[in-house]
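Here is a short report on one protein model. Look over the fold and its surface before reading on.

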Amino acid sequence: MGIAFLADWVVGTDIRAGSLTRISLDDERWNEAKAGVYLLRALAQPSAKLTILTAALRDSIGSPPVWA
């Protein structure tokens, strides 16, 4: 038992499954803006490995994201 401050994309499926309970904070202003996972890269054309990794992440996350 305990309290943890975790991103919704980490625990969203557990909250929906009932394994975790979300505790609301008063006036959650820090959480008003939409968040996301962004891939930053230095090259205009990504390598083949990065392209495969990006595709695997998109498949794993889903659309809409599993935490939404």
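The accessible surface of the protein comes to about 6500 Å², and 59% of that area belongs to carbon and sulfur atoms. Areas come from the Shrake-Rupley method with a 1.4 Å probe, and for residues only the protein chains shown count as cover. This is a predicted model, where local features need pLDDT of at least 70, side-chain atom pairs count only at pLDDT 80 or more, and totals for chains, interfaces and linings use all residues. Residues are numbered from 1 along each chain as its sequence is written, and side-chain values use heavy atoms, with hydrogens and water left out.

The protein has 68 residues, and 7% of them count as buried. Buried means under 20% relative accessible area, exposed over 50%, and partly exposed in between (1.4 Å probe, protein chains only).

The secondary structure is two helices and zero strands. Both terms refer to DSSP runs, numbered from the N terminus: helices are H or I with at least four residues, strands E with at least two.

Helix H1 covers residues 8-17 and includes Trp 9. Ile 15 also lies in H1.

| Residue | Relative accessibility | Class |
|---|---|---|
| Trp 9 | 49% | partly exposed |
| Ile 15 | 33% | partly exposed |

Ile 15 is in contact (heavy atoms within 4.5 Å) with Leu 20 and Arg 22, leaving aside neighbours within four places in sequence.

Helix H2 takes in residues 48-61, 14 residues in total. Gly 62 follows H2, with a positive phi near 85°.

Conventions
Expected span 1.5 Å × (residues − 1).
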